[in-house]
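Subject: Structure handover

Hello,

Please find the structure below. My notes on it follow.

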Amino acid sequence: MQGVASPTSAGVAFLARPGRPAVVTPTLAELTGPTRGIVELPVRLMWNLHRTFDLGDPDDLLWMYENVLRETTHADDLRELVNGHLLRQVWPMLNLPRGVRAAWEHRHRALRDDRALRTA
């Protein structure tokens, strides 16, 4: 996987789920996904019949980001669907598997710092 960081700690990958490493982009700036409008996730990221999200609805935005960050196996999904600026804004509110959160915060200290500031 070229251009994808799957951070490791002591040689063990951070896992999105058993047997699957979390996928993390090298920079937040490359996350150029939409900031508004309606987005339909591909079936590989969301198996539910209701795969359409209104980014103007805060709950939809969180639900979409949680699914993309948890389910993707391709950095291109992240680049296309997630916006780095919005991700930083909603990061503390996302309900993510421990391995996904750890992988992103390990690679992107700004996310860890943002979460610490907002939960303090």
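Which residues of H1 are buried? They are Leu 61, Leu 62, Met 64, Tyr 65, Glu 66, Asn 67, Val 68, Leu 69, Arg 70 and Glu 71, where buried means under 20% relative accessible area with a 1.4 Å probe, protein chains only.

Before the rest, two remarks on the source. This is a predicted model, in which local features need pLDDT of at least 70 and side-chain atom pairs count only at pLDDT 80 or more, while totals for chains, interfaces and linings use all residues. Residues are numbered from 1 along each chain as its sequence is written, and side-chain values use heavy atoms, with hydrogens and water left out.

The chain has 5 helices and 6 strands, taken as DSSP runs (helices H or I, at least four residues; strands E, at least two) and numbered from the N terminus. Along the sequence the order is β-β-β-β-β-β-α-α-α-α-α. Of the 120 residues in the chain, 45% are buried.

Helix H1 covers residues 58–71. Because 10 of its 14 residues are buried, H1 is largely enclosed by the rest of the structure. At its start, a side-chain oxygen of Asp 57 comes to within 2.9 Å of the backbone nitrogen of Asp 59.

Arg 51 sits in the loop between strand E5 (38–40) and strand E6 (52–54). Arg 51 is buried, at a relative accessible area of 17%. Setting aside neighbours within four places in sequence, its contacts (heavy atoms within 4.5 Å) are Val 39, Glu 40, Leu 41, Pro 42, Val 43 and Met 46.

Regards

Notes: Buried means under 20% relative accessible area, exposed over 50%, partly exposed in between (1.4 Å probe, protein chains only). The expected span of a helix is 1.5 Å times one less than its number of residues. A polar contact is a pair of N or O atoms within 3.5 Å; within protein, one must be able to donate a hydrogen and the other to accept it, and residues adjacent in sequence count only if both atoms are side-chain atoms.
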